[in-house]
Amino acid sequence: MDRLITLLSENRLSFYDDAGGVNRLQGLYDLIKENFNPNFVIAEIGSFQGKSTELFALTTKKVYSIDPYLPYAEIDPQFMQDAEEQMLNMMNNYNNIVKIKKTSFEACNMFEDNSLDAVYLDGAHDFENIKLDIFTWLPKVKPGGFISGHDYTTVPAIRFVVDKIFENQEIKTYQDSSWVVRKIVTTNSLNPV
């Protein structure tokens with residue numbers, strides 16, 4: 001419990017300020033408390049330094065941490081390497097994290113359809129990748145499970161895609177810009193984007 005309290009008081013990304021709660025884990029913790037349970041097996045797409053991964057490890061049975069740790073425009077390549085080292089160091093304290101160093105699309109092939117209780121998307125934030133992540137990972141979620149993610153209120157492309165795909169379903173959002181939708185439809189019946 002002490003680690004949970006400490007984790008909720010830290011910034012999610014060490015190089016950004018609090019940003020009105022968006023860079024904190026309290027919203028994600030609220031999402032977990034309201035929708036997940038301790039027996040959940042989840043996949044997190046985009047783990048970076050592992051702060052959200054650690055929160056999932058503290059609150060669920062198993063978390064598959066999926067991140068290729070490839071450099072991208074906003075982040076210095078050395079910082080990506082440092083982020084992966086931080087992730088690996090954190091994992092030493094948990095036996096319920098499985099790190100998969102692959103892209104989202106590569107990793108999804110490792111999972112059977114309807115095998116996960118939840119998926120949390122926080123990988124690439126451009127229109128095409130967001131859409132691909134949702135349509136790729138939603139079939140992996142059990143009926144009644146959850147697809148969720150980060151940056152709903154901070155990245156317009158994410159909000160647009162999520163709103164369009166799930167326009168006939170309830171989209172719940174949280175202080176840290178996380179979002180969640182219960183899987184009640186098949187991928188074939190979702191709205192195209």
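This is a predicted model: local features need pLDDT of at least 70, side-chain atom pairs count only at pLDDT 80 or more; totals for chains, interfaces and linings use all residues.

Residues are numbered from 1 along each chain as its sequence is written, and side-chain values use heavy atoms, with hydrogens and water left out. Helices (H or I, at least four residues) and strands (E, at least two) are DSSP runs, numbered from the N terminus.

Two packed helices are described by the angle between their axes and the distance between the axes. Here axes are lines fitted to C-alpha atoms, for helices over the stretch in contact, and angles run from 0 to 180 degrees between N-to-C directions. Angles under 35 degrees count as roughly parallel, over 145 as roughly antiparallel, 65 to 115 as roughly perpendicular and the rest as oblique. A crossing is left-handed if the near helix is turned anticlockwise from the far one by less than a right angle, and right-handed if clockwise.

Start with helix α1 (residues 2–9) and helix α3 (residues 51–59). Their axes come within 11 Å and cross at roughly 150°. The two helices are therefore roughly antiparallel to each other. The crossing of α1 and α3 is left-handed. Contact means heavy atoms within 4.5 Å. On the α1 side, Arg3, Leu4 and Leu7 take part; they meet Lys51, Glu54, Leu55 and Leu58 in α3. By class, this contact of α1 with α3 has 4 nonpolar, no polar and 3 charged residues. For these classes, Ala, Val, Leu, Ile, Met, Phe, Trp, Tyr, Cys and Pro count as nonpolar, Asp, Glu, Lys and Arg as charged, and the others, Gly among them, as polar.

The axes of α2 and α3 come within 11 Å and cross at roughly 30°. These two are therefore roughly parallel to each other. α2 passes α3 in a right-handed crossing. Leu28, Tyr29 and Ile32 in α2 meet Ser52, Leu55, Phe56 and Thr59 in α3. That contact of α2 with α3 has 5 nonpolar, 2 polar and no charged residues.

How much of α3 is covered? Mostly: 8 of its 9 residues are buried. Buried means under 20% relative accessible area, exposed over 50%, partly exposed in between (1.4 Å probe, protein chains only). The buried residues of α3 include Lys51, Glu54, Leu55 and Phe56.

The next pair is helix α6 (residues 127–137) and helix α7 (residues 156–165). Their axes come within 9 Å and cross at roughly 40°. That makes α6 oblique to α7. α6 passes α7 in a right-handed crossing. From α6, Phe127, Ile130, Lys131, Ile134 and Phe135 meet Ala157, Ile158, Phe160, Val161, Val162 and Ile165 in α7. The residues of this contact of α6 with α7 divide into 10 nonpolar, no polar and 1 charged.

The loop between β5 (141–149) and α7 holds Tyr152. Is Tyr152 buried or exposed? Tyr152 is buried, with a relative accessible area of 7%. Not counting residues up to four places away in sequence, Tyr152 touches Ile158, Arg159, Val162, Asp163, Ile171, Thr173, Ser177 and Trp179. The side chain of Tyr152 also makes a polar contact with the side chain of Asp163 (2.3 Å). A polar contact is a pair of N or O atoms within 3.5 Å; within protein, one must be able to donate a hydrogen and the other to accept it, and residues adjacent in sequence count only if both atoms are side-chain atoms.

Backbone angles come next. Most residues other than glycine have a negative phi, and most peptide bonds are trans. Asp151 has a positive phi of about 70° although it is not a glycine. Asp151 lies in the loop between β5 and α7, and counts as buried at 9% relative accessibility. Tyr69 has a positive phi of about 50°, and is not a glycine either. Tyr69 sits in the loop between β2 (62–66) and α4 (77–91).
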